[in-house]
Amino acid sequence: MPPRYERVADALRAQIMAGTLPPGATVPSAGALAHEHDVGRDTALKGIAVLRREGLLFLAPDKSIRVGPVAARPTRHPLSGPGEVLALPPGGVVSARMPTPRERERFDLAEGVPVLVVRIGDGEQLHPADRFGLRWS
């Protein structure tokens, strides 16, 4: 049987995927989740933390926990279609890092989603890691 916090996370994830909790919706408080799932508040918070790491939830400026915009996107394999695969030219270097707040806003990234940094010579390109794959030739 999975840990209780995973059951809380699974229940919230199911609501998000079913659209019951749409993007931008406020997630019930840890106390409400604890009562609903018959767990402690810390256990409910651990369940929320799991979904924040997955990018499904984020901490809004008003300190509420909300469903992220990534939840609105269909789940895709990063190499599933045209425009999603980047060819890395010879001499190109790729790294990944967490985006700045401005980059997160620019790419509409949920908290916890990194960017791929592609360096070619002196140039640098940024790509959301949840939407692009790389192909080495």
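**Close-up views of a predicted model**

Buried residues account for 34% of the 137 residues in the chain. The model is predicted.

**View 1. Overall make-up of the chain.** The chain contains 4 helices and 7 strands. Read from the N terminus, its elements follow the order α-α-α-β-β-β-β-α-β-β-β. Of the contacts between residues at least 6 apart in sequence, 49% join residues at least 24 apart. The chain exposes about 8,300 Å², of which carbon and sulfur atoms supply 56%.

**View 2. The buried face of helix α2.** Ala-30, Leu-33 and Ala-34 are buried in helix α2, which spans residues 30–37. Viewed down the axis of α2, these buried residues fall within an arc of 100°, so they line one face of the helix. An α-helix has 3.6 residues a turn, so residues three or four places apart point the same way. The buried residues of α2 pack against α1 (4–18) and α3 (41–53). Just after α2, Asp-38 adopts a positive phi of about 55°.

View 3. Asp-10 and Arg-13 form a salt bridge, with their closest N and O atoms 2.6 Å apart. The two residues are 3 apart in helix α1 and are therefore separated by about one helical turn. Asp-10 is partly exposed, at a relative accessible area of 40%. Arg-13 also forms a salt bridge with Glu-54, where the closest N and O atoms are 2.7 Å apart. Because Arg-13 lies in helix α1 and Glu-54 in the loop between α3 and β1 (57–59), this pair ties together parts that are 41 residues apart in sequence. Arg-13 is partly exposed at 21% relative accessibility, and Glu-54 is partly exposed at 40%.

**View 4. The salt bridge between Glu-103 and Arg-97.** The side chains of Glu-103 and Arg-97 meet in a salt bridge of 2.8 Å, N to O. Glu-103 is buried, with a relative accessible area of 12%, whereas Arg-97 is partly exposed, at 29%. Salt bridges with shared partners join Asp-10, Arg-13 and Glu-54 into one network. The whole structure holds 5 salt bridges.

**View 5. Lys-46 and the ring of Tyr-5.** Lys-46 lies over the face of Tyr-5, at 4.5 Å from the ring centre.

**View 6. Asp-130 in its loop.** Asp-130 is located in the loop between β6 (123–128) and β7 (133–136). With 29% relative accessibility, Asp-130 counts as partly exposed. Asp-130 and Pro-114 are 16 residues apart in sequence, and their C-alpha atoms are 7.7 Å apart in space.

Terms used:
Residues numbered from 1 in each chain as written. Predicted model: local features only at pLDDT ≥ 70, side-chain atom pairs only at ≥ 80, totals over all residues. Heavy atoms only, no water. Buried < 20%, exposed > 50% of the residue type's maximum accessible area, 1.4 Å probe, protein only. Arc of directions from axis to C-beta. Contact = heavy atoms within 4.5 Å. Areas by Shrake-Rupley, 256 points an atom, 1.4 Å probe, with all protein chains shown as cover. Lys NZ or Arg CZ within 6 Å of the ring centre and 35° of its normal. Salt bridge = Lys/Arg side-chain N within 4 Å of Asp/Glu carboxyl O.
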